[in-house]
Amino acid sequence: MNRTDRLYALVEELRAISPRPRSARWLAHHFEVSTRTVERDITALQGAGVPIWAEPGRAGGYVVDRARTLPPVNLTPGEAVAMAVALHRLGGSPFAPAAGVALRKLVAVMPPAAVAEAHRLAGRVHLVGGGPGTAVPAAVADAVAAGRVLRLRYADRDGADSARDVEPLGYLGNETHWYLVAWCRLRDAVRCFRTDRIRSVHPLAEPVTRELHPGDLDVPADRVRPLSLV
């Protein structure tokens with residue numbers, strides 16, 4: 001464990017048992033370092049403003065004030081999927097392995113129900129090639145997550161507008177664009193709507209009743225892959 005990780009782990013260990021103390025000897029044994037190293041780490045944390053103090057006596061040790069320190073961060077399902085998409089853009093970079101480890105650590109501390117919901121949302125996102133560039137309108141993202149029908153005004157490649165009621169099924173992303181994959185009631189078929197061509201979005205109360213199947217995507221199988229949280 002490097003020093004940065006150890007400093008974080010020290011604070012979390014002290015938080016876990018606060019207001020009871022941990023001795024320097026116990027911490028040294030736990031983190032497999034010397035007591036001198038623990039003392040230096042505690043001094044560094046105190047210098048950084050972490051509210052740690054020493055309690056004297058045989059049963060004493062170091063104590064942290066829980067009320068003035070942050071607990072471990074839990075992600076919402078949407079945040080976990082957003083991180084997975086962001087990390088996809090790091091593919092091929094020197095930071096990709098570390099980024100994957102970081103995401104797995106965060107997912108590991110999420111409540112089980114939130115993890116299940118994150119996997120469900122991730123299953124609706126499909127990526128092609130590198131990281132997509134265009135943004136998805138908030139109303140579209142909300143409808144995909146909630147499973148609600150959308151009424152779109154959409155411009156085709158020639159700029160001609162049309163009104164569509166669609167059942168959002170998921171996303172498709174490539175190097176430059178995001179696409180909303182949806183069942184189009186006008187065309188009575190699955191269609192991909194480039195998000196930067198969506199002129200307006202009106203969510204309806206009606207729930208989506210369809211599911212996206214791999215064969216619905218008109219993309220060669222060797223070029224598309226689902227987003228994964230692992």
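## Ground rules

This is a predicted model, where local features need pLDDT of at least 70, side-chain atom pairs count only at pLDDT 80 or more, and totals for chains, interfaces and linings use all residues. Residues are numbered from 1 along each chain as its sequence is written, and side-chain values use heavy atoms, with hydrogens and water left out.

## H4 and its two partners

Start with helix H4 (residues 77–88) and helix H6 (residues 112–122), whose axes come within 8 Å and cross at roughly 50 degrees. That makes H4 oblique to H6. For the bookkeeping, helices (H or I, at least four residues) and strands (E, at least two) are DSSP runs, numbered from the N terminus. Axes are lines fitted to C-alpha atoms, for helices over the stretch in contact, and angles run from 0 to 180 degrees between N-to-C directions. Angles under 35 degrees count as roughly parallel, over 145 as roughly antiparallel, 65 to 115 as roughly perpendicular and the rest as oblique.

On the H4 side, Pro-77, Gly-78, Ala-80 and Val-81 meet Ala-114, Glu-117, Ala-118, Leu-121 and Ala-122 of H6; contact here means heavy atoms within 4.5 Å. Those residues split into seven nonpolar, one polar and one charged. In that scheme Ala, Val, Leu, Ile, Met, Phe, Trp, Tyr, Cys and Pro are nonpolar, Asp, Glu, Lys and Arg are charged, and the others, Gly among them, are polar.

How does H4 lie against helix H5 (residues 96–108), and at what angle? The two pack at about 175 degrees with axes 10 Å apart, so H4 and H5 are roughly antiparallel to each other. Here Ala-80, Met-83, Ala-84 and Leu-87 of H4 touch Ala-99, Gly-100, Leu-103 and Leu-106 of H5. The tally for this contact is seven nonpolar, one polar and no charged.

## Cysteines without a bond

There are zero disulfides in the structure, a disulfide being a pair of cysteine sulfur atoms within 2.5 Å.

Cys-184 is buried, at a relative accessible area of 0%, whereas Cys-192 is partly exposed at 36%. (Buried means under 20% relative accessible area, exposed over 50%, partly exposed in between, with a 1.4 Å probe and protein chains only.)

## Around His-126

His-126 belongs to strand E3 (residues 125–128) and is buried, with 13% relative accessible area. Skipping residues up to four places away in sequence, His-126 touches Tyr-171, Leu-172, Gly-173, Leu-212, Leu-217, Val-224, Arg-225 and Pro-226.

Pro-226 is part of strand E9 (residues 224–226). Apart from neighbours within four places in sequence, Pro-226 contacts Val-125 and His-126.

Ser-18 and Pro-19 are joined by a cis peptide bond, with omega about 15 degrees. Pro-19 sits in the loop between helix H1 (3–17) and helix H2 (24–31).

Glu-32 is in the loop between H2 and helix H3 (35–47) and is exposed at 74% relative accessibility. Asp-188 lies in the loop between strand E6 (178–184) and strand E7 (189–194), and is exposed too, at 54%.
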